[in-house]
Amino acid sequence: MGLFSKKWSPKGKTCVVTGGSQGLGLSTAKLLARKGANVIIVARNVEKLEAAVQELEKERQNEQQRFKYLSFELNSLAGAEGATAAAWEFNGGAPDAFFLCAGSATPMYFIEASEQDLVKSMEQAFWVQAFSARAISKKLVQDNKKGKIAFVGSTVSHMGLIGYAPYAPGKYALKGLAESLRSEFKLYGIDIHILFAPTMHTPGFDVEQQTKPSITKKIEEDDVPVSPDKAAKILVNGVEAGQYQMGGNILADIFAASSRGAAPASNALFTPILDGIAWIAIPVWRMLTDRMIKKSAQEHRAYLAGKKVVE
Ligand SMILES: NC(=O)C1=CN([C@@H]2O[C@H](COP(=O)(O)OP(=O)(O)OC[C@H]3O[C@@H](n4cnc5c(N)ncnc54)[C@H](OP(=O)(O)O)[C@@H]3O)[C@@H](O)[C@H]2O)C=CC1
Ligand SMILES: CCCCCCCCCCCCCCCC(=O)[C@@H](N)CO
């Protein structure tokens, strides 16, 4: 989007939000409703979806606005295509913007994860959004329509740390997908965006805390949590402004700046400054964190033995 071009607005448009029944997705759906959009939310659990639509009703700005939920499992292409077809049908044609918030994390040590844990984690971090993007983009191109697709990555799309081995690779993959599609979809006028979300206290976060190693929790304390409402605002503002990537907090911005790849810089002035900070701050942080992890090795052995991960 050019320097003086008009901002995109969701008012009167139709937006689809995957993972829209709770957490970041629900905050995003509510914000879009408050901005006057028609909103379609997609998730699996029908009870939560019904409750979420009630929440959307409270944000209603006018009588023309339409809210709808669709229950689909999005970790297969068939599921994503089913949801996409249903969204098209409800809207009577192509919706305007798609916010892919669905996903979940199951942090744990790599060697305690089963084959199924690892495959499922990749599905819930990557495929749950990648298949949606595939189904949506194909339909948009078939209809010769433009549109906007926003992914939700994480700070751990840029950096890995102890406990996130099953999850971070999927979020890294999402970053690679978004960057590839940002380029490829110039062919069709489909805009790609990605939010690199920091820690948010959502229902999903409470679940991931149950399997998260205590050392991961301790390291993560340095990440300042952002409310899902604030993260939704950053996401929607970024899409409105035509920004490719959004970081949810300063730490996400620092890691994004230091691993920018072929993505456009968020800010011509601040991105290089943040990259400079990264040069100094990250090696210091890494040294301290590595030291702390090594110190915990004996305690970790006892944990593995207790859980019978090793004999
Ligand atoms: N919370 C955090 O600290 C962070 C989260 N993120 C990312 O942000 C996104 C939102 O997270 P958050 O709000 O915390 O998550 P929540 O678990 O609170 O909400 C996830 C939403 O996605 C839906 N969903 C999950 N899996 C599927 C599936 N396979 N098919 C269809 N719908 C699905 C859930 O509904 P249902 O279960 O009924 O299907 C729910 O609506 C995720 O992609 C997450 O990885 C990134 C960084 C930090
Ligand atoms: C500049 C140097 C300082 C570095 C401090 C680094 C602290 C660790 C940051 C980890 C943040 C993880 C956030 C997202 C996690 C996530 O995606 C899951 N919670 C998913 O739900």
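I count Ala, Val, Leu, Ile, Met, Phe, Trp, Tyr, Cys and Pro as nonpolar, Asp, Glu, Lys and Arg as charged, and the others, Gly among them, as polar. I am working on a predicted model.

**Entry: ligand 2**

I sorted the shell around ligand 2 by class. It divides into 10 nonpolar, four polar and four charged residues. I found 18 residues surrounding ligand 2. The closest are A105, S154, T155, A281 and W285.

**Entry: helix 1 and helix 2**

I turned to helix 1 (residues 23-34) and helix 2 (residues 46-58). Their axes come within 8 Å and cross at roughly 30°. Angles under 35 degrees count as roughly parallel, so helix 1 is roughly parallel to helix 2. I noted the hand as well: helix 1 passes helix 2 in a right-handed crossing.

Which residues meet here? From helix 1 I listed L26, A29, K30 and A33. From helix 2 I listed A52, E55 and L56. By class, this contact has five nonpolar and two charged residues, and no polar ones.

Residues 39-73 are 37% helix and 29% strand. How far apart are the end C-alpha atoms of this span? They lie 18 Å apart.

Conventions: Residues are numbered from 1 along each chain as its sequence is written. Chains are lettered from A and ligands numbered from 1 in the order in which they are written. This is a predicted model: local features need pLDDT of at least 70, side-chain atom pairs count only at pLDDT 80 or more; totals for chains, interfaces and linings use all residues. Helices (H or I, at least four residues) and strands (E, at least two) are DSSP runs, numbered from the N terminus. Axes are lines fitted to C-alpha atoms, for helices over the stretch in contact, and angles run from 0 to 180 degrees between N-to-C directions. Angles under 35 degrees count as roughly parallel, over 145 as roughly antiparallel, 65 to 115 as roughly perpendicular and the rest as oblique. A crossing is left-handed if the near helix is turned anticlockwise from the far one by less than a right angle, and right-handed if clockwise. Two residues are in contact if their C-beta atoms, placed from the backbone, lie within 7 Å. A residue is near a molecule or strand if its C-beta atom, placed from the backbone, lies within 6 Å of it.
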